[in-house]
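Here is a short note for someone opening this entry for the first time. The points below take the contact between the chains and then the charged pairs.

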Protein chains: 2
Amino acid sequence: MDTLVESKVTLKTPAYAAKAAKAQLMPWLIERREPGPHDVLIDILYCGVCHSDIHQVKNEWGGSIFPMVPGHEIVGKVVQVGDHVKKWKPGHIVGVGCFVDSCRRCEACRAGEEQYCEIGMSATYNGYEQDRKTPTYGGYSTRITVDENYVLSIPKGIPLERAAPLLCAGITTYSPLKHFGLEAGDKLGVVGLGGLGHMAVKFGHAFGAHVTVLSHSPGKRDDALALGADDFLVTKDEAVFKENANRFDFIIDTISAPHDYNAYLKLLRRDGIMVLVGLPDPTPLSAGPLIVKRRSLAGSMIGGIRETQEMLDFCGRHGVAADVEVISIQEINQAYERMLKNDVRYRFVIDLASLKSGAP
Amino acid sequence: MDTLVESKVTLKTPAYAAKAAKAQLMPWLIERREPGPHDVLIDILYCGVCHSDIHQVKNEWGGSIFPMVPGHEIVGKVVQVGDHVKKWKPGHIVGVGCFVDSCRRCEACRAGEEQYCEIGMSATYNGYEQDRKTPTYGGYSTRITVDENYVLSIPKGIPLERAAPLLCAGITTYSPLKHFGLEAGDKLGVVGLGGLGHMAVKFGHAFGAHVTVLSHSPGKRDDALALGADDFLVTKDEAVFKENANRFDFIIDTISAPHDYNAYLKLLRRDGIMVLVGLPDPTPLSAGPLIVKRRSLAGSMIGGIRETQEMLDFCGRHGVAADVEVISIQEINQAYERMLKNDVRYRFVIDLASLKSGAP
């Protein structure tokens with residue numbers, strides 16, 4: 001018997017939305033679908049605020065869909081499950097990351113790399129369901145209906161507000177470190193100490209690497225060391241690039257503003273790899289630094305469901321979680337302003353209780 | 001007893017040199033060192049003409065040392081060996097590639113990757129011996145003295161004039177295909193069909209890959225297929241890039257003129273790799289194509305002694321050799337002119353008999 005039929009819950013759901021590009025976020029009522037046989041209805045507790053939320057609200061990448069309810073770092077509690085759902089039960093603490101569905105048939109999906117779905121994954125917001133017409137709305141809302149296969153388990157022991165950013169910032173940095181083979185004892189350079197960078201430091205440290213943060217901001221030194229970094233280099237000083245040539249086995253580059261890839265590549269030893277997870281405007285690349293030491297420059301985008309669960313379990317075992325500032329949904333526009341000034345350590349997380357309490 | 005003492009050979013050696021940047025190559029007499037206990041004296045039979053010879057004669061990479069005797073694709077016959085040389089005997093047919101020595105102590109040298117010597121390998125020409133003061137002169141000459149450890153064996157069965165280009169063009173393309181793991185059945189794209197590209201096609205074919213040549217020149221189609229390619233794409237047509245998106249597992253990019261890396265990266269499937277072996281001026285790189293399919297862009301430079309021998313042995317077993325036009329040393333300046341017009345299929349090789357015959 002379908003629990004849905006018995007359900008009396010109405011699926012009208014309070015949310016915060018941008019009604020047009022660059023508009024302020026404002027209260028808006030969305031409709032969540034009634035859970036189907038394979039769906040899970042989640043009461044959202046926390047949602048992290050990712051820099052890509054701002055990019056998309058401002059339509060800086062083009063193609064934004066409005067009204068837009070951002071948010072893809074979702075942690076919540078299962079409140080209802082469809083008839084055929086085996087894995088989840090009401091009361092389970094779960095997460096939803098950057099996508100809520102994918103084609104499930106292409107080579108990427110079959111490999112468990114749904115983020116690279118060849119047909120196109122359904123982004124958690126600013127996207128469409130697999131029907132290609134129903135818009136998706138994200139975690140700046142009180143609940144969400146998600147297919148059971150795109151739901152993650154949050155391990156016990158991680159404070160929930162600190163777990164939320166793992167669903168994007170966490171997996172975005174964990175996945176390339178794993179995929180491209182960071183090993184204990186390796187010298188890891190983390191370029192940029194923001195939401196992504198601070199997670200890369202934590203993972204690098206937990207993997208047993210010797211972690212060096214490279215930042216424009218001398219003031220971040222103490223923070224970097226406190227987060228687990230072993231060393232800190234101020235990249236404003238050009239001499240730093242000469243002095244540290246050929247030093248790193250692996251660099252993860254989290255910067256979204258244009259910068260000189262060539263200068264950073266030269267910091268890699270022979271056969272070293274630099275992985276980009278930020279999306280700056282194009283900058284000139286010279287083949288020389290790649291050729292003379294057989295270096296590689298790669299990119300990586302979030303991670304698949306299997307690997308995201310692996311990352312969450314790793315965080316549970318190793319006590320890894322994001323450093324966050326919890327805000328109410330009513331503070332979201334000010335939070336965006338502060339993020340644009342890099343004034344956040346290191347992730348804003350919305351406490352969705354603030355949207356349930358009735359105050360708009 | 002040292003064979004050197006008995007030797008009556010004079011080491012004055014005819015050569016062709018550029019006396020200054022952009023000068024025509026002209027006859028010049030150089031002095032080769034008397035073979036020491038670990039040296040081999042080689043009578044040069046053939047020397048390939050590499051595009052980097054022109055770059056360096058024109059001082060286009062800066063720091064050229066004049067007078068310059070180019071040539072680093074050397075095949076010849078051993079005529080004398082030092083007392084402690086075990087591996088080589090007079091009469092052996094041997095090769096010398098892009099370097100004639102290296103520090104032998106750094107991590108790269110110990111790993112058999114002498115081309116990446118951290119102290120600095122001794123380039124076969126336009127460089128210095130490990131004493132950092134004795135200039136090196138290349139294969140546009142009748143003989144050369146080389147440390148036994150930097151000499152390669154040319155397997156029987158490869159016509160010697162067609163073996164010479166293997167020492168640079170061959171290893172430069174073989175090494176990245178091996179190192180970055182091209183496998184039988186992989187879809188390989190070869191960008192550019194010149195001296196390097198035509199070798200990449202032959203190796204790709206010999207490795208069992210499905211080889212596609214990407215070239216600006218529609219006229220190269222028949223040649224490409226004859227060399228072993230399975231397919232040919234004309235890159236002048238922009239539509240080609242859309243139609244072939246996500247097609248290749250591996251691309252080797254041999255072009256030295258600036259071109260849009262981003263367009264070629266998009267031809268790679270998820271987790272595909274593109275390796276640069278040419279050195280164009282810097283061009284804008286977008287992180288997007290790397291990130292959205294976790295693609296990699298790498299560089300590679302020639303190969304180490306061990307791998308060069310492996311490549312030569314592979315060529316012997318698989319009947320792989322360069323396609324060449326044999327010229328006399330007196331034709332070298334015209335050959336450079338023709339190379340600048342891409343008018344060579346696919347490598348000029350100097351028959352050094354032309355320099356021994358007395359005609360200047």
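1. The model is predicted. Across the interface of chain A and chain B, the rule finds four salt bridges. One of them pairs B:Glu113 with A:Arg294, with the closest N and O atoms 3.0 Å apart.

2. Several elements of chain A each supply at least two residues of the side that touches chain B: α3 (107-110), α5 (169-179), β14 (268-276), β15 (283-285), α10 (287-292) and β16 (296-299). The largest share, five residues, comes from α10(A). By residue class, this side of chain A divides into 19 nonpolar, nine polar and eight charged residues.

3. The contact takes 36 residues from chain A and 36 residues from chain B. About 2,900 Å² is buried between the two chains, and carbon and sulfur atoms give 61% of that area. A:Arg270, A:Ile291 and A:Arg294 supply 26% of the area that chain A buries against chain B, more than any other three residues. A:Arg294 is also the partner of B:Glu113 in the salt bridge of point 1.

4. β16(A) is joined by three bridges to strand β16 (residues 296-299) of chain B, and the two run antiparallel. In this pairing A:Leu297 stands opposite B:Leu297.

5. Over all chains, the count by this rule comes to 38 salt bridges. Within chain A, the side chains of A:Asp43 and A:Lys356 meet in one, at 3.1 Å from N to O. A:Asp43 lies in strand β3 (residues 39-49) and A:Lys356 in helix α13 (residues 353-356) of chain A, so the pair ties together parts that are 313 residues apart in sequence. A:Asp43 is partly exposed, at 24% relative accessible area, and A:Lys356 is partly exposed at 38%.

6. Chain B has a salt bridge between B:Asp101 and B:Arg104, with the closest N and O atoms 2.9 Å apart. B:Asp101 counts as buried at 12% relative accessibility, and B:Arg104 as partly exposed at 37%. Elsewhere, salt bridges that share partners join A:Glu107, A:Glu113, B:Arg270, B:Asp271 and B:Arg294 into one network.

Technical notes:
Residues numbered from 1 in each chain as written. Chains lettered and ligands numbered in written order. Predicted model: local features only at pLDDT ≥ 70, side-chain atom pairs only at ≥ 80, totals over all residues. Heavy atoms only, no water. Contact = heavy atoms within 4.5 Å. Buried area = accessible area lost by both parts, 1.4 Å probe. Helix = DSSP H or I, 4+ residues; strand = E, 2+ residues; numbered from the N terminus. Nonpolar A, V, L, I, M, F, W, Y, C, P; charged D, E, K, R; others polar. Pairing = 2+ DSSP bridges. Buried < 20%, exposed > 50% of the residue type's maximum accessible area, 1.4 Å probe, protein only.
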